[in-house]
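The chains and their contacts are taken in turn.

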Amino acid sequence: CGFTPAYAPGGSGQQLLGRIALDEPKTKNGYRFGRRFEERLGRSSGPFRLSVKIQVDRQGLGSTSAGATTRFRFVGRALYSLRDVGDPETVLLEGRTNAFTGYSTTGSTVATLAAQRDAEERLMIILADQVIDQLLIDAPRLSASAADQ
Amino acid sequence: QDSTAEQTQDDPALLVADEVFVENEERLVASGNVEALQGGIRLSATRIIYDRSTDTLIIEGPIRITDADGNVILADEATLDQGFRNGLLKGARLVLDQQLQLASVEARRVDGRYTQLSRVAVTSCQVCGHNATPLWQIRAKRVVHDQVERQLYFDEAQFRVLDVPVFYLPHLRLPDPTLKRARGFLIPTFHSSTLLGFGIKVPYFIPIGRHQDLTLTPHLSTKARSLGYRYRRAFAYGDLEINGAISSDTLKPGEARGYLFAEGAFRLPRDFKLDFDLKLTSDASYLNDYDITGADRLSSTVDLRRVRRDELITASLVHYESLRDFEDNDTQPTIIGDAAIERRFFPAALGGELRLSAAVHGHYRYSSIPFDSADADLDVDGRDVGRISAEASWRKRWTLAGGIRAGVTTNLWLDRHMTFQDNTSVRDVARATHGVAVELRWPWERTGPRGQRTVIEPLLQLGYVSGQRPGNPNDESTRVEFDEGNLLSLSRFPAADRREHGGTVAAGLRWMHQAPDGWSAALTIGRIWRETADTEFTRSSGLQGTASDWLVAGRFAHQNGLTLSARGLLDDQARFSKAEARAGWSNNRMDLGASYVLLVTDPDEDRLEAQSEWSFDGEYRISQHWSTSTSWRYDLVDRRLDRVGLGLQYQNECVQVDFGATRKFASSSNLEPSTDFDLTVALKGFSTGGSAKEFRRTCQH
Amino acid sequence: AQGAQVSFGSMQQDTSAPVEVTADSLSVNQSNGTALYQGNVVIAQGDMRLAAPRVLVVYSEQAGRIERLEATGGVVLVSGEEAAEAERADYNIEAGTVVMSGNVLLTQGPNALTAERMTVNLETGSAQMSGRVKTVLQQQDEEQTGN
C-alpha cells in the first residue's frame with residue numbers, strides 16, 4: 001500500500017534523528033518545547049538548526065449567567081524554520097502549526113493555578129510533537145535540496 | 001535648536017532656469033521652470049528676480065517650497081531672502097507631513113523657523129476642486145507654525161464640520177504631525193453605559209523627561225466622576241506601568257472607589273528575570289461597572305525565573321482576591337508560593353538524558369477552622385499546605401529494526417506533604433515513589449503520485465508507578481484534563497499532591513496528511529487502560545474507570561486561511577463528556593474566529609449543569625473606508641445570549657470614527673447587566689499615526 | 001531699465017572704438033570680403049578682450065568697417081571684472097551684440113552662471129542667458145553689499 005517505516009534506514013526520519021540543533025531557549029515555553037523536541041529527536045549540534053517562535057494567547061470561555069468565566073483556553077502558535085548550521089541565510093524548511101489546551105476555573109484558586117500551569121506545559125508538548133510531524137512530512141524536500149547543493 | 005537648519009544657512013543658493021536675464025550687477029531675472037536650492041530647501045517657481053543689493057528674491061508663482069523635514073509651502077507669489085529664511089508669501093498653503101494643509105491669504109516666514117499665516121483654513125481632508133468644502137476644517141484669524149518646537153498656535157480658531165461652525169476657541173495649540181512626544185490632550189472618547197450614564201473621557205498626556213510619562217484621563221458622566229491615570233517608566237534594565245482610577249458615582253454613593261494595576265518586568269544580573277503584576281480594587285463590582293476587566297479573580301503575582309538550555313529556575317508568589325459573590329476569601333487559598341529548579345544532563349557513558357529537579361510549594365488560607373463549615377466549597381476552611389518534592393528521571397530512545405522508535409523512562413519521586421489546620425488529613429507524610437514507562441512508536445510514511453504526503457503513527461506505552469496514595473489532601477489536582485499532551489504520561493494530575501499509581505497501558509494512533517494543493521489534516525485517537533480505577537478522577541476528566549474515554553482530536557488547515565481544530569472525550573455510550581473546537585478564517589478582507597466548548601454536568605467539578613457555549617468574533621473590511629467587527633457569546637444550555645458586541649469603523653485620510661456597542665447579560669449580586677456605547681472621533685493630521693495612505697480618498701475627475 | 005552706472009556696466013562697450021586684432025597668421029579673401037585670423041587670436045576693443053584660436057572677420061560694404069566677427073574653437077571674453085567662456089562667440093559690431101553659445105560660463109564677481117546660449121547687449125551691458133541656466137548665488141559678504 002505504499003507505506004514505508006519512517007525511521008527505517010533511508011526513511012525520512014533518519015534525516016531528522018540526532019541532526020537538528022535548537023536555539024538557546026529564552027522563555028519557560030521555549031525550554032519546555034526544546035525539552036520535548038530533544039527527548040524525541042535527540043540532542044545534537046547540527047547539521048541543521050531549528051529556530052522556533054512560540055506565541056501563546058489565553059481566551060476566556062464558558063461564562064455562566066452569574067458572569068463567572070468557568071473555562072480558559074491557551075491557543076499556541078509555533079512558527080519554525082530549519083536552516084543548515086553553516087548557511088544561516090537560506091531557509092530549507094519553514095512552516096507553522098497551532099494547537100490549544102483548556103482548563104477549568106470552577107475549582108479553588110490553587111487548583112485553577114495548577115491546572116493553568118499544567119495546561120501551558122501540555123501545550124508545549126503538543127506543539128513540539130506537531131512540529132516533528134510536519135518536519136517528517138516535509139523531510140523529502142530536505143534531501144531534495146541537499147541533493148542539488 | 002534644529003542644528004541642520006543652522007549650519008546650512010550660509011550655503012550658496014543654486015538657481016536653475018530656462019532663461020536668465022542678467023540685467024546688471026545688482027539684478028538678475030530667471031524665468032522658465034525656475035528652481036532654487038539652498039541647504040535642504042528646494043523652491044520651484046515660474047519667475048524669480050534676484051536683487052543682490054537688497055539680497056531678496058521676488059518670486060512669481062505658482063511657487064512650491066519643500067524643506068528638509070518634508071513640509072511643503074505652496075504660494076502664488078513671494079518675496080524671500082536669499083536663504084529663504086525670512087519673507088512674505090501671498091496665497092500660501094502649508095502642507096505638513098503630506099497630511100495637514102494650512103491654506104492662508106498670506107504667510108510670513110521669520111528666521112527660517114516660524115511661519116505665521118493669516119486668515120487660515122486648516123484641514124487634513126482631501127479637497128477635490130477649488131471651492132469644495134473639506135469634511136472638517138479649523139478656520140483661524142492667525143496660525144503660527146514653529147518648525148523647531150513642531151507646534152501650531154491658533155488664534156480665534158473656529159472648528160467647522162462641512163462648513164458648519166461647531167465650536168470656537170480663542171486660543172488653541174496643536175502638535176504638528178512630525179512631533180513625537182508632546183504634552184497635550186489626546187483624542188477624547190464619548191462613552192455611555194447603563195451603569196455610568198453618558199459621559200466623555202478626555203486623556204491628557206504629560207511627558208516627564210525622556211523615560212517617563214503620565215496620562216490623566218478625567219471621565220465625566222451623568223452618574224459618575226472618575227480620574228483615570230497611567231504612569232509609565234522605562235529603566236535601563238526594565239520597565240514599569242501603573243494603571244488606575246479614582247471614582248465616585250451614584251452606584252455606591254458617598255464612597256471613594258477605584259482600582260490600581262501595576263506591572264513591571266526587570267532584567268536582573270546573571271540572566272534572572274523578575275516580573276510583578278499587582279492588582280487591587282476598592283470593591284468587587286468596580287471592575288465590571290467601569291468595564292476595566294472581566295476577571296472574577298484578581299491575582300497579584302511576583303515571578304522570578306532564569307531560563308538556560310539545560311536549567312530552568314522558577315519562583316513565584318501569588319496572592320488571590322476572589323470577586324465571585326459565592327466565594328469567601330477567607331476559606332480560599334489566597335497566598336500561594338512555589339519555587340522549582342530543574343537540571344538536564346547527558347551522561348556520555350550511560351547515554352540518554354538524566355533530569356534532576358526539586359520543588360517547594362505552599363498555600364495558605366486566612367481562616368483557621370480545621371473543618372469545612374457552611375461556605376460554598378467542600379474544602380476544609382482553614383487548611384494550609386506545605387510540600388517539598390524532588391524528582392530524578394532518566395530516559396533514552398532507540399530505533400529498533402523496522403524503524404520502531406522505542407523509549408524507556410524511569411522516574412523516582414520523593415514527596416513530603418505537610419498539612420495544617422485540617423482535622424480530616426494526615427499532618428505530615430513523606431513517600432518515595434518510582435515509575436517506569438516503555439514507549440513504542442512506529443511511524444509509517446507514504447508519498448503519493450501527486451506529491452501528497454501521509455504519515456501514520458501507532459503509539460503504545462506500558463507504564464507502572466509504585467506505591468499507594470498517602471493521606472494528604474487534594475487541594476491542587478481537582479481539575480484534571482486529558483489530551484494529546486498527556487496521553488503518554490506517567491501521571492496526568494496537574495500538581496505533585498496527587499500521582500497515578502499502578503499499571504497503565506496507553507495506546508493511540510496518529511494520522512497526518514498534506515495535500516499538494518495546500519490543505520492538510522491530522523487526526524489523533526487514544527485511550528488509556530489501567531489496572532485499578534482511580535477514584536480521584538472526575539467524570540469530565542474522561543479518565544474514570546479502568547478504561548478511559550476515547551480521546552479524539554483533529555485538525556484541518558487550508559491555504560485560503562481556513563483552520564479548524566477540535567478535541568473530544570467520548571464515553572462508552574459514544575456521548576461527549578468534553579468537547580472543544582476552534583475555527584478561524586483570515587485573509588486580507590476578514591478575520592473570523594469561532595470557539596465551542598461543551599462540559600458535561602459534573603458535581604465533582606462544581607458544575608451542576610452542563611456548560612455549552614458558542615463564541616464568535618469577526619472583523620470584516622466592507623470597503624476601503626468602512627470596516628465592522630462583532631463578537632457573540634451564546635449559552636446553549638440556558639439558551640441565552642451571554643454577551644454581544646458590535647463595532648463599526650470609518651477611516652479616511654483625515655478622520656477616524658470608531659463606534660462600539662457591547663451588551664452583557666450576566667447578573668449576580670455584584671454584577672449587573674450592562675450596555676455600553678463608545679464613540680471616538682479622531683482628527684488625523686495632528687498625531688504621528690502616519691498618513692494612512694491606504695485610507696486616502698482620491699478625487700474622481 | 002537703463003540702470004545706474006554700476007560696476008556691472010563694464011560689460012557696456014563703445015562699439016565704435018577701434019578694433020585691434022593680433023594673431024599668429026592671417027589669410028584674406030578679397031572675393032567675399034572676409035579675413036581669417038588663426039592661432040592665439042586676441043581682439044581688443046576698449047577694455048574688452050576676446051581671445052580664440054580662430055576668428056573670421058567679415059567686413060561691411062563700406063571699406064575699412066568690420067561688420068561682425070565669428071570666433072570659434074573655445075572663446076574667452078573678458079571685460080573688467082566679468083569673464084565669459086563658450087565654444088563660439090559671434091560679435092556683431094553694428095548691432096552691438098555678442099552671442100556666445102555652447103557651454104557658456106559667465107563669472108560675475110562671486111556669482112557663476114552656466115547656460116547653453118548668452119546674448120550680451122553691449123549698449124546696456126545686460127546679458128540674456130537661456131537653455132537650463134544654472135546660477136550660483138554666492139552669499140554676499142555683509143560689508144560688500146553695504147556700499
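1. How many residues of chain B are in contact with chain A? There are 88 residues of chain B in contact with 74 residues of chain A, where contact means heavy atoms within 4.5 Å. This is a predicted model, in which local features need pLDDT of at least 70 and side-chain atom pairs count only at pLDDT 80 or more, while totals for chains, interfaces and linings use all residues. Residues are numbered from 1 along each chain as its sequence is written, chains are lettered from A and ligands numbered from 1 in the order in which they are written, and side-chain values use heavy atoms, with hydrogens and water left out.

2. Chain B and chain A bury about 7,000 Å² between them, with 49% of that area coming from carbon and sulfur atoms. Buried area is the accessible area (1.4 Å probe) that two parts lose on being put together, summed over both. On the chain B side, Arg309(B), Glu445(B) and Arg582(B) account for 11% of the area buried against chain A, more than any other three residues.

3. The contact between chain B and chain C takes 23 residues from chain B and 26 residues from chain C. The area buried there is about 2,300 Å², 51% of it on carbon and sulfur atoms.

4. Two pairs of chains are in contact, and chains A and B share the most contacts. Chain A and chain C do not touch, their nearest C-alpha atoms being 49 Å apart.

5. Chain A contains three helices and five strands, in the order β-α-β-α-β-β-β-α along the sequence. These are DSSP runs (helices H or I, at least four residues; strands E, at least two), numbered from the N terminus.

6. The C-alpha trace of chain A spans about 65 × 40 × 20 Å along its principal axes. Its radius of gyration is 19 Å, whereas a compact globule of 149 residues would have one near 15 Å; the radius is taken over C-alpha atoms, and the globule rule is 2.2 Å times the number of residues to the power 0.38.

7. Of the 149 residues of chain A, 61% count as buried, that is, under 20% relative accessible area (1.4 Å probe, protein chains only). Among contacts in chain A between residues at least 6 apart in sequence, 63% join residues at least 24 apart.

Terms used:
Buried < 20%, exposed > 50% of the residue type's maximum accessible area, 1.4 Å probe, protein only.
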